[in-house]
Amino acid sequence: DSGLKRDREDRVRSGWSMVKSNVEKVSELVQGILYASKERKPESREVDPGALLAEVCDLYEARARSEGVEIVRAFDERLGLCSIDPSGIHSALSNLVSNALEACRKMDTREPRRIVVRGNLTGDRLFLQVSDNGPGIPREVSQKLFSKFFSTKGSRGTGLGLVITRKVVQEHRGAIRVESALGKGATFTIEIPI
């Protein structure tokens, strides 16, 4: 407002940047709350989960690289077709990779920082996995990870990411589990019957 009143374009640009950022945050929060609270049936179709894994890695690659984090693609981009909700699975994987990136930010920068993304079809099961070599998750925190509005990111987190991820997995009749050891990172594994 002060930029408009004083005809200072530099202040208007700076203010507009803040407005856009905050609108995105509010939008993500509202969408997260709606997704977490609404009963929905997955909109499944035949897709290759390897392509979804690649899309998510592509989405985070530049940001990870700029923060000194390597994303390792330990999957074949052609895993085979299976019937899943691509939008839901993409969202779930994005949440896991975003959280892994956040965990790597907390590491001592002398150590190589790495996120490993895996996926495979085994028999009648789809396995999707995101691992990081961050500081790990304390036991008391890991017990609260899937609770609504619980966040380890302070004011930057909504506490809905893992709630939504678990909901997507449950809508696919699947399961999600986390394994972690302090100082050794964390691994989130999604298992979906196909």
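The buried side of helix 3 is made up of Pro49, Gly50, Leu52, Leu53, Ala54, Val56, Cys57, Tyr60, Glu61 and Ala64. Here, buried means under 20% relative accessible area, exposed means over 50%, and partly exposed covers what lies in between (1.4 Å probe, protein chains only). Helices (H or I, at least four residues) and strands (E, at least two) are DSSP runs, numbered from the N terminus. The model is a predicted one, in which local features need pLDDT of at least 70 and side-chain atom pairs count only at pLDDT 80 or more, while totals for chains, interfaces and linings use all residues. Residues are numbered from 1 along each chain as its sequence is written, and side-chain values use heavy atoms, with hydrogens and water left out.

At the start of helix 3, a side-chain oxygen of Asp48 comes to within 2.8 Å of the backbone nitrogen of Gly50. After helix 3 comes Gly68, with a positive phi near 75°.

Stepping back to the whole protein, there are six helices and seven strands. Read from the N terminus, the elements run α-α-β-α-β-β-α-β-β-α-α-β-β. Of the 194 residues, 39% are buried. If contacts between residues at least 6 apart in sequence are considered, 70% of them join residues at least 24 apart.

Next come the charged pairs. Side chains of opposite charge can pair when their charged atoms come close. A salt bridge is counted when a side-chain nitrogen of Lys or Arg is within 4 Å of a carboxyl oxygen of Asp or Glu, and the count comes to 10 salt bridges. One of them joins the side chains of Arg73 and Asp58, at 2.5 Å from N to O. This pair links distant parts of the chain, with Arg73 in strand 2 and Asp58 in helix 3, 15 residues apart. Arg73 is partly exposed, as its relative accessible area is 30%. Asp58 and Arg73 also belong to a network of salt bridges that takes in Glu61 and Glu77.

Arg114 and Glu70 form another salt bridge through their side chains (3.2 Å, N to O). Since Arg114 sits in strand 4 and Glu70 in strand 2, this pair ties together parts that are 44 residues apart in sequence. Arg114 is partly exposed at 32% relative accessibility, and Glu70 is partly exposed at 41%. Glu102 and Arg105 also meet in a salt bridge, at 2.5 Å from N to O. These two are three residues apart in helix 4, so about one helical turn separates them. Glu102 is buried, with a relative accessible area of 8%, whereas Arg105 is partly exposed at 33%.

What about the cysteines? A disulfide is a covalent bond between the sulfur atoms of two cysteines. With the cut-off set at a pair of cysteine sulfur atoms within 2.5 Å, the count is zero disulfides. Cys57 is buried at 1% relative accessibility, and Cys104 is buried at 0%.

Thr165 is found in helix 6 (residues 161-171) and counts as buried because its relative accessibility is 0%. Leaving aside neighbours within four places in sequence, Thr165 is in contact with Ala92, Asn95, Leu96 and Ile176. With Asn95, the side chain of Thr165 makes a polar contact of 3.1 Å. A polar contact is a pair of N or O atoms within 3.5 Å; within protein, one must be able to donate a hydrogen and the other to accept it, and residues adjacent in sequence count only if both atoms are side-chain atoms.

Finally, some loop residues. Asp7 is not a glycine, yet its phi is positive, about 55°. Asp7 lies in the loop between helix 1 (2-5) and helix 2 (9-37) and is exposed, with a relative accessible area of 70%. Arg173, also a residue other than glycine, has a positive phi near 60°. Arg173 is placed in the loop between helix 6 and strand 6 (175-180), and is exposed at 64% relative accessible area.

Definitions and conventions:
Contact = heavy atoms within 4.5 Å.
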